[in-house]
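Biologist: I am new to this structure. Please walk me through a few of its local features.

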Amino acid sequence: MSVIQNQKTVLLLGGSRDQLFLIKTANQMGLYTVVVDGNPASAGFDLADDYRVVSTMDLDALKAFVDEYRSQQRKIDAVCVMGSDISQYVAQLAAYINVPHIPIEAANIATNKLKMKQCFQQSGVAIPWFSLLASANHLADIVAQRGLPLIIKPLDRSGARGVFLLTETSDLNALYNKAKSESFCGEVMVEEYLAGPQISTETIMYQGCAYTPGYVDRNYEMLSRFAPNIIENGGWQPSLIQGEQRKKVETLIKQAALALGVTNGVIKGDIVYTKSGPKVIEVATRLSGGDFSESLVPLGLGINYVEAALKIALGEQPELDKLTPVINTAVANRYFFPAPGKIISISGIETVRAMDFVKKLDIWYQVGDIVPETTSHANRFGVFIVTADNRQQLEQRVKWVYDTLKIETSV
């Protein structure tokens with residue numbers, strides 16, 4: 001039997017730039033990679049051993065594809081996703097072809113923010129106060145009762161789409177309707193705004209034990225610029241929340257995973273550390289995109305936990321010793337947010353790329369393109385990643401990149 005025939009096959013849902021690291025890692029592990037995406041121009045198709053144009057949100061089409069592929073091409077041994085909030089389709093498709101997966105109910109709960117909070121509330125997981133909204137008038141009543149600030153969000157969107165911070169100057173009716181228009185299911189919830197530093201976590205769950213190599217500070221320095229939208233601008237490694245506080249965060253995310261019933265798989269957490277301890281803002285039962293698992297953790301700690309996620313998806317034992325840091329380098333990722341309008345010029349790209357501490361610089365627009373108003377993470381213009389010996393030097397290097405790379409737009 002040939003080497004090719006011996007290769008295990010992993011079906012990866014999505015071929016956008018958020019999935020490239022997953023495809024590369026699977027290739028490096030010697031897996032046969034099959035990528036599906038509804039976009040015929042998906043960048044990931046060039047990296048995969050095979051690909052098909054299939055929507056990753058059309059379960060019937062995905063089932064038809066795997067039926068055809070397994071009968072005419074080869075067996076599929078695992079299904080996986082990174083950076084796309086479709087774990088419910090991953091779990092259902094994996095169940096359909098009888099390969100390892102998290103419980104379908106866990107995936108369904110994790111992709112509905114209201115069900116998620118209800119699950120955590122019933123299990124005693126620390127979360128903000130929350131409520132489903134019946135109408136804009138209902139929101140006004142809650143504001144009158146509880147005061148501000150509050151957060152409203154669609155139940156089933158990601159990337160900050162339709163998420164708004166409500167303050168004394170907010171038009172409640174307009175923001176409620178905007179949030180509702182972003183929701184696939186047409187429903188919106190409100191929750192308490194909790195002040196405090198925020199941490200992104202990524203945890204490998206294996207046989208009920210939690211390993212959290214992904215642990216970075218979230219950066220919200222542009223909240224006032226994009227208000228009432230809540231736009232995250234990258235992260236910091238290492239986090240400033242360490243010691244006993246970190247242990248409490250890691251215990252909380254394990255508690256959240258077990259409340260969902262996830263004992264083998266991945267759970268991504270957004271945590272706020274309040275004066276009364278850590279609380280879960282949201283979780284996702286998938287690998288994160290946006291350079292977290294691709295850059296911040298590998299460059300900062302020397303860990304590629306995507307390998308462990310793929311091993312678990314294949315039903316194999318992950319190499320848990322590889323989840324221990326071997327370095328501790330300061331790393332930050334940041335995004336560009338030029339003013340909306342037509343791009344007149346972009347300068348300084350080569351100067352920035354020439355610096356050895358700049359590990360990545362991607363610009364997703366060209367001169368002549370139109371930059372839209374920033375209302376979600378999908379509107380980011382480009383990204384850079386820098387490393388340093390410490391946080392102070394890292395801050396200086398982030399500022400240098402912003403000062404050096406200039407983007408001019410017309411109104």
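Predicted model: local features only at pLDDT ≥ 70, side-chain atom pairs only at ≥ 80, totals over all residues.

Modeller: Residues are numbered from 1 along each chain as its sequence is written, and side-chain values use heavy atoms, with hydrogens and water left out.

Biologist: How many of the 10 residues of helix α11 are buried?

Modeller: Helices are DSSP runs of H or I, at least four residues long, and strands are runs of E, at least two, numbered from the N terminus. Buried means under 20% relative accessible area, exposed over 50%, and partly exposed in between, with a 1.4 Å probe and protein chains only. The buried residues of α11 include Phe292, Leu296 and Leu301. Helix α11 spans residues 292-301 and is mostly covered, and its buried count is 7.

Biologist: Which residue just after α11 takes a positive phi?

Modeller: The helix α11 covers residues 292-301. Just after α11, a phi of about 75° belongs to Gly302.

Biologist: Which residue of β19 is the bridge partner of Ser345?

Modeller: Strand β15 covers residues 341-347 and pairs with β19 over 5 bridges, in the antiparallel sense. In β19, Ser345 has as its bridge partner Glu408.

Biologist: How much space lies in the largest cavity?

Modeller: On a 1 Å grid over the protein atoms alone, a cavity is a set of points where a 1.4 Å probe fits but cannot get out; a pocket is an open set with protein on both sides within 12 Å along at least five of seven lines, and lining residues have an atom within 4 Å of a point. Points are joined across faces, edges and corners, and a volume is the space filled by probe spheres set on them. The whole structure has 1 cavity of 30 Å³ or more. The space in the largest cavity is about 60 Å³.

Biologist: How many residues of its lining are charged?

Modeller: Ala, Val, Leu, Ile, Met, Phe, Trp, Tyr, Cys and Pro count as nonpolar, Asp, Glu, Lys and Arg as charged, and the others, Gly among them, as polar. The lining of the largest cavity includes Asn304, Tyr305, Glu307 and Lys311. It divides into 3 nonpolar, 1 polar and, as charged residues, 4.

Biologist: Which helix gives the most to the lining of the second largest pocket?

Modeller: This pocket holds about 390 Å³ of space. Its lining has 26 residues, and His101 and Ile102 are among those nearest its centre. At least two lining residues each come from β4 (78-80), α4 (87-96), β12 (265-274) and α12 (306-313). With 4 residues, the most comes from α4.

Biologist: Is Thr167 buried, partly exposed or exposed?

Modeller: Thr167 lies in the loop between β7 (164-166) and α8 (172-182). The backbone nitrogen of Thr167 lies 2.8 Å from a polar atom of the side chain of Ser170. Because its relative accessibility is 31%, Thr167 counts as partly exposed.

How values were computed. Pairing = 2+ DSSP bridges. Polar contact = N/O pair within 3.5 Å; in protein donor to acceptor, adjacent residues only side chain to side chain.
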